Structure formats: structure tokens, C-alpha cells
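Dear colleague,

Please find the structure below, handed over for your review.

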Amino acid sequence: MKILIIEDDLETAAYLSKAFREAGITVDQASDGDSGFFLASENMYDALVVDRMLPKRDGLSIISELRARGDDTPVLILSALGQVDDRVTGLRAGGDDYLTKPYAFSELLARIEILGRRKGSRAEQETTYRVGDLELDRLSHEVRRAGQQIPLQPREYRLLEYLMKNAGQVVTRTMLLEHVWDYHFDPQTNVIDVHISRLRSKIEKDFGEPLLRTVRGAGYMMKAGG
């Protein structure tokens, strides 16, 4: 499990990161709203822990913008504001859970584990992935763009399925090797580049908007618009 903590109190962030890592969870940290939003936008996480009051960009605006972009990563809001109206505002902004300070780490950990499981089960239950006008039906294995069926080879289908499952988030070459090719090492070949090129030609040629993007130095992302 991998999470992002957006917390401006460095002592608190360090404590939480250490405790989560001891629980076997991979942690990234951000100390202000702008850097937190950037990390949340550019990486794939199982859950976000977001302090409500942050410098540069507040926690609720981070969540609202992520939701507007179609990012449904589970978010737990941490806040000293604990009135009913405060909690309702946080949940309506797109938060999945709300924990008031002070709190016990054991409760925070339990809530994050629940949110992580919820994301995993939700992704597995989806039978159709959509990015813009591109659709992938996991039951029939049919791929259509703008209503036009696109024939894919099995490996191309697997590649597209994984990219669309993680739409809006950067997918690294290592992730593709592990989840699409079942390699747990880098074979030092151009197999990914070849398949990405073939896939692009099929899902983007003769269509308007490019959907499969190369994120320089990081990997690939399926995203519509912007």
C-alpha cells in the first residue's frame, strides 16, 4: 500500500511517516498544498491523508480539484476543526473520511487500511473503463473510440486495460513490466516502447484528441483534456 501525507507540521508528518512505514506502508510526504497537489496529480496512491489547513493551497481545494479531474483516490481529512458543519463541508468537498485532531494513530491506521481496501475492490468491480470517448469493456474485451470498434492484440489489450484502470495517474515502466508482462526485472529491451507505439497508432490515428501521453522521465498516462 502506498499513501501520500500532506501535512505542514513537519514534526507530525515525520511521526506519521515513520509509524506508517513501520506498519508496512510506503509513504510520500508534502508540506504544503501546492506540492501536495502536484504529487497527488502525478503519482498513483492507494489513499491520501490531507491536513485541512495548509499553506499555499488548503486541503479542501486540493480534494475538490482532484475530484474535478476524475481522480477518485480515497482521501482522509485531518483537521482540528471538529464541528458537525466542518465535517460535512469536508465530506462534501470530496473527502471519504474525516478524523479530528487529536487522534490515536491506531485509529488513523485502521481507517486508512479500510480506504485502501475500498479502492481496490471498487477498481476490481468496474466492468467498463472510459477515458474521453475511448471505452474498454472488460467483459467482452471490446475497445471502442467514438463508437468505432478497435481490434487489439492480447498484449495491447492488457496494456490499455492497465493504463485505463489507472487513468489520470502516471504509470511507470516498472509498473508496466510487472503488471502487463509479469516481469519483476527490466529485460533491457524496447518492448514497452514498441507496444506503446502500436497502441497509440490504433487508439489515436484518425481520432482527434490524443489520450495516451508520455510523461518525460516518469512513464505514461491516460488522460482526456488539458
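A salt bridge here is a side-chain nitrogen of Lys or Arg within 4 Å of a carboxyl oxygen of Asp or Glu. The model is a predicted one, in which local features need pLDDT of at least 70 and side-chain atom pairs count only at pLDDT 80 or more, while totals for chains, interfaces and linings use all residues. Residues are numbered from 1 along each chain as its sequence is written, and side-chain values use heavy atoms, with hydrogens and water left out.

By this rule there are 17 salt bridges. One of them joins Arg57 and Asp34, at 3.6 Å from N to O. Arg57 lies in the loop between strand 3 (47-51) and helix 3 (59-68), and Asp34 in helix 2 (residues 33-42), so the pair ties together parts 23 residues apart in sequence. Helices (H or I, at least four residues) and strands (E, at least two) are DSSP runs, numbered from the N terminus.

Arg138 and Glu161 also form a salt bridge, at 3.1 Å from N to O. This pair links the loop between strand 7 (134-137) and strand 8 (142-145), which holds Arg138, to helix 6 (residues 154-165), which holds Glu161. Arg138 is partly exposed at 22% relative accessibility, whereas Glu161 is buried at 19%; buried means under 20% relative accessible area, exposed over 50%, and partly exposed in between (1.4 Å probe, protein chains only).

Finally, Asp182 and Arg158 meet in a salt bridge of 3.5 Å, N to O. Asp182 lies in the loop between helix 7 (173-179) and helix 8 (191-204) and Arg158 in helix 6, so parts 24 residues apart in sequence are tied together.

Yours sincerely
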